[in-house]
Amino acid sequence: MNKVFPEGENGRIAAGPKALPGGEGAQACTTLTNRTGFLCRDQRSCIPASGVCDGVRTCTHGEDEDESLCRDVPHSLPRFLVAHCGDPASWIYSDQKCDGTNNCGDCSDELSPVTVCPLCGPGWWPCPSTVFKYCGCIPRRLCRDHVQHCSDWSDEYACPGP
């Protein structure tokens, strides 16, 4: 079951649905993967934030691609769908924050002081990454593969592997 969190003023959770810029009654929800999502008009379908304005009509009625929502991305999107990077001119969809991947290009979506993400999950190894795609953790599947992914070589010598 998806969790619905209507957004109120200043990005706070509201007691009931509230019309937001870029979409009438746009509401936040939590996807099955525990990420920020966009609640479709049917009040049952919760699509990932990054599925909004991606050129694919995912909601039954296509409201995730409405012109009013997508005309001036990211400014026309509800605040709950947008996360800012360390560079104020850069942004990502909110479901891309703390996902282990360097979506901002400067790791600000994965590391503090911009973002406070939990420690590496069970499928990850903590290390200073040499791979641009990752920040403070690498997938364990990269451990002991005879390729250096951590600047301290811990992925080859200390990581137990997948």
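Colleague: What is the mean pLDDT of the protein?

Modeller: This is a predicted model, and pLDDT is the predictor's confidence in each residue, from 0 to 100. Of the residues of the protein, 83% reach 70 or more. The mean pLDDT is 83.

Colleague: Over which residues is the pLDDT below 50, and how many contacts has this stretch beyond near neighbours in sequence?

Modeller: The stretch with pLDDT below 50 covers residues 1-23. Beyond near neighbours in sequence, its contacts in the model number 56.

Colleague: In what order do the elements of the protein run from the N terminus on?

Modeller: The protein has 2 helices and 8 strands. Read from the N terminus, their order is β-β-β-β-α-β-β-β-β-α.

Colleague: What percentage of the residues of the protein count as buried?

Modeller: A residue is buried when its relative accessible area is under 20%. Of the 162 residues, the share that counts as buried is 43%.

Colleague: Which residues lie closest to the centre of the largest pocket?

Modeller: The largest pocket holds about 370 Å³ of space. Its lining divides into 10 nonpolar, 5 polar and 2 charged residues. Of the 17 lining residues, those closest to the centre are Cys117, Pro118, Leu119, Cys120 and Cys137.

Colleague: How far apart are the end C-alpha atoms of residues 118-157?

Modeller: UniProt, in an unreviewed entry, lists residues 118-157 as "domain: LDLRAD1-like C-terminal". Over these residues the chain is 10% helix and 15% strand. The distance between the end C-alpha atoms is 24 Å.

Technical notes:
Residues are numbered from 1 along each chain as its sequence is written. This is a predicted model: local features need pLDDT of at least 70, side-chain atom pairs count only at pLDDT 80 or more; totals for chains, interfaces and linings use all residues. Side-chain values use heavy atoms; hydrogens and water are left out. Contact means heavy atoms within 4.5 Å. On a 1 Å grid over the protein atoms alone, a cavity is a set of points where a 1.4 Å probe fits but cannot get out, and a pocket is an open set with protein on both sides within 12 Å along at least five of seven lines; lining residues have an atom within 4 Å of a point. Grid points are joined across faces, edges and corners, and a volume is the space filled by probe spheres set on the points. Ala, Val, Leu, Ile, Met, Phe, Trp, Tyr, Cys and Pro count as nonpolar, Asp, Glu, Lys and Arg as charged, and the others, Gly among them, as polar. UniProt positions are given in the numbering used here, feature names are shortened, and annotations may be inferred rather than shown by experiment. Helices (H or I, at least four residues) and strands (E, at least two) are DSSP runs, numbered from the N terminus. Buried means under 20% relative accessible area, exposed over 50%, partly exposed in between (1.4 Å probe, protein chains only).
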